[in-house]
Amino acid sequence: MTETHSSGVRGDSGPEVARLVASRVLDVPDFPKPGVMFKDLMPLFADGAAFRDVIDGIVAYHGRESFDTVVGIEARGFVVAAAIAYATGVGVVPVRKAGKLPRPAYAASYALEYGEATLEVHQDAFTAGHRVLVVDDVLATGGTAAATLDLVERAGGTVAGFTVLLELSFLKGRERLAPRPVHALLTV
C-alpha cells in the first residue's frame, strides 16, 4: 500500500524515502520525443548518500533473505540491481535489449508509451525455483516490467519482488502487472 504524507509525496516505503527520490528527479521535456516528459534519475545516482539510502530502503523492504539474484532492466535498472546485489551478497543478471547477449536467450517484445522494444535474458540465467528480485528505475505503462517478469519465469526463475524508484501512476503500469505486487519508492 502506498503511503501519502501531508506534503502529497507518496511511496510504498513511506514519505521520507519518497521525498528523497522526489528531490533528486529532474523533468526533461520532449525526451526521447516531443510530448514525453522524461524523469531523469541521474542526480539520485550521482548523490552517494542518497543513493545508499535508496538501496538500503529497497533491501529493508524486501529483506536480505527473500531473493537469490537481482535482475536489472536495461539500462538504468543495471545501476540499481548491481548496488542491491553488492549490498546483499547475491548475483546480478541483466535483462538486455535484443541482440546484446552472446548465448541462447529468451526474448519478449512489448509496446512502450512511445514505441516498441524487445528484451532478452540468457536461457540459463536461473535454476528452477531461483528467487529473483526485479528492479528498474521507472514504471510507466508496465510493458517493460511485464516482459521482464515473464522472461524471468520462462528462464526458470521465481519472481520474489518487483521494485522501481519511480512509478508514473497515471500510466497505470501497476494495474497491468496485477496481481503481482509492485514496490515503488515514489509514486507520482
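**Exercise 1. Is Phe-31 buried, exposed or partly exposed, and on what relative accessibility does the class rest?**

Solution. The model is predicted: local features need pLDDT of at least 70, side-chain atom pairs count only at pLDDT 80 or more, and totals for chains, interfaces and linings use all residues. Residues are numbered from 1 along each chain as its sequence is written, and side-chain values use heavy atoms, with hydrogens and water left out.

Step 1. The classes are buried (under 20% relative accessible area), exposed (over 50%) and partly exposed (in between), with a 1.4 Å probe and protein chains only.
Step 2. Phe-31 has 43% relative accessibility and therefore counts as partly exposed.
Step 3. Lys-33 has a relative accessible area of 39%, so Lys-33 is partly exposed. Lys-33 is found in the loop between strand S3 (26-29) and strand S4 (37-40); helices (H or I, at least four residues) and strands (E, at least two) are DSSP runs, numbered from the N terminus.

**Exercise 2. Identify the aromatic pairs and classify their geometry.**

Solution. Step 1. A pair of aromatic rings is described by the distance of the centres and the angle of the planes. Rings of Phe, Tyr and Trp (its six-membered ring) pair if their centres lie within 6.5 Å; planes under 30 degrees apart count as stacked, over 60 as edge-to-face and the rest as tilted.
Step 1. Phe-38, at 18% relative accessibility, counts as buried.
Step 2. Phe-45 and Phe-51 have ring centres 5.5 Å apart and planes at 80 degrees, so this pair is edge-to-face. Phe-45 is buried, with a relative accessible area of 14%, and Phe-51 counts as buried at 14% relative accessibility.

**Exercise 3. Describe the largest nonpolar core and the elements that contribute to it.**

Solution. Step 1. A nonpolar core is a set of buried Ala, Val, Leu, Ile, Met, Phe, Trp, Tyr and Cys residues joined through side-chain atoms within 4.5 Å.
Step 1. The largest such core has 31 residues, and those with the most contacts inside it are Val-54, Ile-58, Val-70, Val-80, Ile-84 and Leu-165. Two or more residues each come from helices H1 (15-23), H2 (42-46), H3 (48-62) and H4 (76-88) and from strands S9 (130-139), S10 (157-167) and S11 (183-187). H3 supplies the largest share, six residues.
Step 2. Leaving aside residues up to four places away in sequence, Ile-84 touches Ile-55, Ile-58, Val-59, Phe-67, Val-70, Leu-133 and Val-135; contact means heavy atoms within 4.5 Å.
Step 3. A second, separate core of 24 residues includes Val-71, Leu-119, Ala-145 and Ala-147.

**Exercise 4. Which elements do the buried residues of H3 and H4 pack against, and how do the helix spans compare with expectation?**

Solution. Step 1. The expected span is 1.5 Å times one less than the number of residues. H3, with 15 residues, reaches 21 Å from its first C-alpha to its last, close to the 21 Å expected. H4, with 13 residues, reaches 19 Å, close to the 18 Å expected.
Step 1. The buried residues of H3 pack against H1, H2, H4, S9, S10 and S11; among them are Val-54, Ile-58 and His-62. Those of H4, including Val-80, Ile-84 and Thr-88, pack against H2, H3, S5, S6, S9 and S10.
Step 2. Just after H3, Gly-63 takes a positive phi of about 90 degrees, and just after H4, Gly-89 takes a positive phi of about 75 degrees.
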